[in-house]
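Hi everyone, thanks for making time. I'll walk you through a structure that's new to the group, so let's get it up on the screen.

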Amino acid sequence: MDTNTFRELIDRYISGMLQEGDKATLRKLLDDPRYAQELEQIMEEQLAAKAPGDYDYPDVVARIKQEVEAQINAEKEQGRVRRIPVWLRIAAAILILAGSTALLKMFIQQQPRQTPSLAQQSTDRPIAPGGNKATLTLADGSRIRLDSTGKQLIQQGNVTIHQQQGRLQYTTAGGAENLCYNILSTPAGGQYQLSLPDGSQVWLNASSSLRFPTAFNGRERSVTLTGEAYFEIAQNANSPFTVTANDVAIEILGTHFNVMAYADEHHLTTTLLQGAVKVHGPGKAVLLKPGQQAQFDHHSKGLQVSAADTESAVAWKNGYFSFSNENIQSAMRKIARWYNVDIEYRGDVTHKALWGTISKFENINEVLSMLELTGTMHLSIEGRKVIVSP
């Protein structure tokens, strides 16, 4: 079979148009070393076309090869070599970075294993991805559970709250009678969208909460965040919008930005996509331009500005995990929040990093299988606990 036919089979598989009989043919070709060079070229093209960020692709591919080979040499020295071909581990790393998880799944499925793969573990009760679920706490302390299927109309004085399809919308009939606050909170494995009384839009990530007034009166609009949220703020030059998170206040006129303020992260990070924001830390304030981020260090209380990977910053809102040279502990915290699992480390993985893009809506077994195939770490599942080892 010529290389053009090989390419056509891969293209049809990635687009979901490949018939079952042809899938068997493609699996055989993927095991044929004569097509290894052509496959590598296809993967590099996938990487250049789809990878997030401004990367030097040849350098990234060379780095992936070097890191995989170093990992294999370390495993040989320790007397434990995994039965995964070198080319496949390199392919996995490149395909995850390119976001080509469809082809990577085929690699996973065709690999012979002596023990059940992660994709086969816990098949009776697989750990599903998170979804639209939250709790709304009203001003009187009553709590309302929210999900993606229910439809509710909630009345608070002259404020009406519409809940439908994973989204809350606040509307006020005339001026607010009394200033009162609501809290929208998401559990681990939850997310929710909120339309504030002024029309501003908020996407709340897992394990997060937002405290906000049921109506904005006066010259200020102010909310308080824990966890992570993406904001699209309705412009009003006469009423600046402020997000308070821990020791940081973020002042906005009208803009699109993301705030990551989880207590278990080393930094509180504000990433600006559009407009302008001013970030106030203890004793210092910085003005951000689009494409920049401000990082507040919880320990040193320092506030630093740097260029941002905006696509990675809002990947969670757009339905995927994005790892850009991200240390394993940080990546696993994202997975823990979304799948509502615990993480246990057995061995040192502090000096290893991940690059890549994976859908948030796969079950956890699939996601972990993709990550493990890169050779960066070994992963297993015990109940609702993910075990990470070198």
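**A walk through the model**

Let's start at Phe-231: leaving out residues up to four places away in sequence, Phe-231 touches Gln-201, Val-202, Leu-210, Val-223, Leu-225, Val-243, Thr-255, His-256, Phe-257 and Val-259. Before I go on, please keep in mind that this is a predicted model.

So what does Phe-231 belong to? The largest nonpolar core has 42 residues, and Phe-231 and Phe-257 are the ones that touch the most other members. Strand S10, residues 221–232, gives the most to this core, with four residues. There's another core that lies apart from it, with 25 residues, and among them are Ile-335, Ala-336, Val-341 and Met-370.

Let me zoom out for a moment. The protein has nine helices and 23 strands. How much of it is buried? Of the 390 residues in the protein, buried ones make up 49%. As for contacts between residues at least 6 apart in sequence, 54% of them join residues at least 24 apart.

Okay, on to the largest pocket. It holds about 820 Å³ of space. Its lining runs to 34 residues, and the ones nearest the centre are Met-260, Thr-269, Glu-326, Ser-330 and Lys-334. Which elements build that lining? At least two residues each come from strand S13 (256–261), strand S14 (267–274), strand S17 (292–297), helix H7 (310–313), strand S19 (320–327) and helix H8 (328–339). S19 supplies the largest share, seven residues. Sorted by class, you get eleven nonpolar, 15 polar and eight charged residues in the lining.

You'll find Gln-193 in strand S7, residues 190–195. Is Gln-193 buried or exposed? Its relative accessibility is 18%, and the cut-off for buried is under 20%, so Gln-193 counts as buried. Its side chain makes a polar contact with the side chain of Trp-203, at 3.4 Å. Setting aside neighbours within four places in sequence, Gln-193 is in contact with Gly-166, Arg-167, Leu-168, Gln-201, Val-202 and Trp-203.

Now over to Val-305, which sits in strand S18, residues 303–307. Val-305 has a relative accessible area of 36%, so we call it partly exposed. Beyond residues up to four places away in sequence, Val-305 touches Val-286, Leu-288, Gln-292, Gln-293 and Ala-294. What about Thr-271? Val-305 and Thr-271 are 34 residues apart in sequence, and their C-alpha atoms are 9.8 Å apart in space.

Last stop: two spots in the backbone. Most residues other than glycine have a negative phi. Asn-246, though, has a phi near 55 degrees, which is positive. Where is Asn-246? It's in the loop between strand S11 (241–245) and strand S12 (248–252), and it's partly exposed, with a relative accessible area of 44%. Lys-301 also has a positive phi, near 65 degrees. Lys-301 is in the loop between S17 and S18, and at 37% relative accessibility it counts as partly exposed.

That's the tour, and I'm happy to go back to any part of it.

Methods: Residues are numbered from 1 along each chain as its sequence is written. This is a predicted model: local features need pLDDT of at least 70, side-chain atom pairs count only at pLDDT 80 or more; totals for chains, interfaces and linings use all residues. Side-chain values use heavy atoms; hydrogens and water are left out. Buried means under 20% relative accessible area, exposed over 50%, partly exposed in between (1.4 Å probe, protein chains only). Contact means heavy atoms within 4.5 Å. On a 1 Å grid over the protein atoms alone, a cavity is a set of points where a 1.4 Å probe fits but cannot get out, and a pocket is an open set with protein on both sides within 12 Å along at least five of seven lines; lining residues have an atom within 4 Å of a point. Grid points are joined across faces, edges and corners, and a volume is the space filled by probe spheres set on the points. Ala, Val, Leu, Ile, Met, Phe, Trp, Tyr, Cys and Pro count as nonpolar, Asp, Glu, Lys and Arg as charged, and the others, Gly among them, as polar. A polar contact is a pair of N or O atoms within 3.5 Å; within protein, one must be able to donate a hydrogen and the other to accept it, and residues adjacent in sequence count only if both atoms are side-chain atoms. A nonpolar core is a set of buried Ala, Val, Leu, Ile, Met, Phe, Trp, Tyr and Cys residues joined through side-chain atoms within 4.5 Å.
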